[in-house]
Amino acid sequence: MSARVFLELLAREASAVEFEGPVLAARSAGADAATLADLEEAKIVALRVRELLRRRARREAELSALFDTAGDLAGLRDLDAVLEAIVRRARQLLGTDAAYMTLHDPDRGDTWMRVTDGSVSAKFRALRLPMGAGLGGLVAQTATPYSTADYFADPRFRHNTDIDDAVVEEGLVAILGVPLKLGGRVIGVLFAANRGVRPFSQDEVVLLGSLAAHAAVAIDNARLLQETRNALEELSETSRLASAHSGAVERAAHAHDRMAGLVLRGGGVEDVAAVVTEVLGGSLVVLDDAGRPIAGDPGELGEGVTAVIAEAARTSRALGRTVRRGNLLVASVDVGAEPLCTLVLRAAEPVADTDQRILERAALVTALLTLFRRTVAEAEGRVRGELLEDLISRPGMDGLTERARRVGVDLGAAHVVVVARYGDERERAAFWASSHAALNRGLAAQCGDEVVLLLPGEDPGALARRVAAELGAALGRPATAGACGPVRGPGEVAGAHQEARRCADALVALGREGEGAGVAELGFVGLLVGGGRDIEAFLTATVGPVLDYDARRGTALVRTLTAYFGTGCSLSRTAEALHIHVNTVTQRLDRVAQLLGPGWQAPERALEVQLALRLHRLSGRPGSVPPGQPGT
C-alpha cells in the first residue's frame, strides 16, 4: 500500500483517527516490517500536514474575523452593534460557550458588564467587578491576560462572593480574559469562557487580544465621534445663538430708531406702544405714575393682575430691567425714586431675553415723553396760572385780553369760574388742573389750598360737578367744587371768583364734601353766600310761575300761599283768615301744585317758597301782601 492513501485522506479532510486505517490494514495483510515502517512515517507526515492545514485554516478564519471587525470599525455607526459583533466573533473563533466584555467605570472605580454573548443568567449580565477581584478584576488591575482551565480550583484569583455566585449561576468553569487598552490605560476586559474544564492555548490568547485591541479602538473612535458630534452641535448652537442675537440686536436697533423718530416727529405714547406690539406681538398697556392706564386696554391683561403688576413694577425699577410674571412682561422707569411710567406686555409667544431690551427702551422713551410733556405742561401752566391770578387780583391790568388770546382763551366768550377744594395733594391737584384747563382751552391757578379754573361754558353747576368728579378720581380722594358764572370779559372774573369760593365754603359747611354745585343751585343759601344777591332771579326760580299766574289772571294764589304758611298749613284756618270756603282753599293749592310741581310742600322746598314769599312781600311789588297782614 502506497502513501497515496494518506493524500486522499488529507484531500477529504479526514479525522485524525482515520489516518490509522492504512497502517492497521497493512499489518492485517501481513506486510513486512519495512513496509509498515514506511506507512508509519507517511502517516506521521500526513498528520503533521493535516495539523498545519488546520492551523492555517483557523488563522485564515481569525484574519477574516479581524478583517470584518476592522470593516465594522471603518463604518462605525452604532458602538453597541460593533462591540456585540466583536464579542460574538470571539465566542465563535475560540469555540467557547460564552464571551463577554466589561468596561471600567471611573466614577465608581470598578468594571461593569457591557456586552455578553451566550449568557443565560440575568445576575451575571448585571455583574460589577471590583478592581483586583476575580480573574477580570486581576486583568484590569495588572493589564495582563489571564486564563484558567478551572476557575474555582485556581488559587491565583481573589474570589468574591458576588462574583462567584454569578459565575456559578452562569455555570462557567474555564475563563480567559485579556485587557482592553488605550495607550497605557486599561478601559475594560474581553472574556471567553467555557462551562467545562478547558485550557486555553497561546494562539487563543493572542487572538482574543487582537479582538480586544479592535474593541478598544472602536470604543475610542466612538468617543471621538461623540465628542466631534457634541462639538458640532455646540458650534451649531453657538452659531444659532449668534445669529439670533444679531437678529435681536438688529430688531432692537430698528425699533429704537423708529421710536426716536416718533419722538422727533411729535409722536405720542400710543405711537410708541404700537411699535412695541408690532415688533414683539401681544398687547401692551402703558400706566402712568399712579398706575392708571394712558395707552392700551387694561382688560386685555386679564383679571386680578393689578397687585401682581404693582409688585413687578417696583421690582423692575429696583433692578433696572424687565421683570417676567407669568405671561406678563413689566418694565417700569422712575426718576429720583418717583415712578414715571410702567409698560406691561402680555405676550402671545415667549419673548427672548434680548428682545426684552426693546420693551425697556420703549419704557425709557415713554418716560422721556412723559417728562417732556410734564415740563411743557408745567411751563404752559405757569403762564396760564399767572394770567388767571392777574384776572383775580388785578382785573384792571392792561393787556389781559391779549395775553389770554395768546394761550387760546377768548375772555369775551362765556366762562365759568370754578373753585375746588381737595385736601393736601397740592402738587398733583395743580398738575391735574393745569392739564384739564389746557385741554379745555381754559385757565388754572393754584391759590393756597385750592385750585381755581376759568373754563368755557354757561352752566356753572354742570362744570362744578365735572371738576369735582374728575379731580377726585385723579387724586383718589373727595374734591369739592363751587362755581359761578357765566362771566364775560376780564372785569367779571374777580367777583365770580369770590362767589365761587363762598359756594365751595357753603358745600363744605352743609356736609356736601366731594360734590360740585353752582351758586344758583344752592337756593336761598346761594342768596346768603352770593355777593350779588340776585333776589329777582331767586324769586323767579322759586315762585315765578305763581307770580305770573296772579299777574295775568288777577287771582290771589300768592295771598293764599302766604295765609296757608302763616296758619301752620291749616286749611280751615286759612279759609277763616281769607273769608273763603275750605274747598276754595283746596282748589287754589291744587293750582299752586300744578304751577310749582308736586314736591313744593317738601320741607326744603317749602322753606325756599316761604323765603321767596317773604322777600316778595318785603319788596312791595304789586300783588304782595303788606307787611303785618297775614294775607287778608
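Modeller: Asn194 touches Gly95, Thr96, Asp97, Leu172, Val173 and Ala174, leaving aside residues up to four places away in sequence. Contact here means heavy atoms within 4.5 Å. This is a predicted model, in which local features need pLDDT of at least 70 and side-chain atom pairs count only at pLDDT 80 or more, while totals for chains, interfaces and linings use all residues. Residues are numbered from 1 along each chain as its sequence is written, and side-chain values use heavy atoms, with hydrogens and water left out.

Biologist: Is Asn194 buried or exposed?

Modeller: Buried means under 20% relative accessible area, exposed over 50%, and partly exposed in between, with a 1.4 Å probe and protein chains only. Asn194 has a relative accessible area of 13%, so the residue is buried. Its side chain also reaches the backbone nitrogen of Asp97 at 3.1 Å.

Biologist: Which strand holds Asn194?

Modeller: Strands (E, at least two residues) and helices (H or I, at least four) are DSSP runs, numbered from the N terminus. Asn194 belongs to strand S6, residues 185–194.

Biologist: What is the strand order in the open sheet?

Modeller: Strands of a sheet pair through backbone hydrogen bonds, either parallel or antiparallel. Two strands count as paired if DSSP finds at least two bridges between them. In this open sheet of six strands the order is S3-S2-S1-S6-S5-S4, with antiparallel pairing. Strand S3 (128–130) and strand S4 (146–148) each have a single partner strand, so one side of each is left without a neighbour in the sheet.

Biologist: How many bridges join S1 and S6?

Modeller: Strand S1 (residues 98–105) pairs with S6 in the antiparallel sense over six bridges. Met101 stands opposite Leu190 in S6.

Biologist: Which residues touch the most other members of the largest nonpolar core?

Modeller: A nonpolar core is a set of buried Ala, Val, Leu, Ile, Met, Phe, Trp, Tyr and Cys residues joined through side-chain atoms within 4.5 Å. The largest one has 27 residues, and Met101, Leu180, Leu190 and Leu208 touch the most other members. Helix H4 (79–94), S1, strand S5 (174–182), S6 and helix H8 (202–264) each give two or more residues to this core. H8 supplies the largest share, nine residues.

Biologist: What does Leu208 touch?

Modeller: Not counting residues up to four places away in sequence, Leu208 touches Ala90, Leu94, Leu176, Val178, Leu190, Phe191 and Ala192.

Notes. A polar contact is a pair of N or O atoms within 3.5 Å; within protein, one must be able to donate a hydrogen and the other to accept it, and residues adjacent in sequence count only if both atoms are side-chain atoms.
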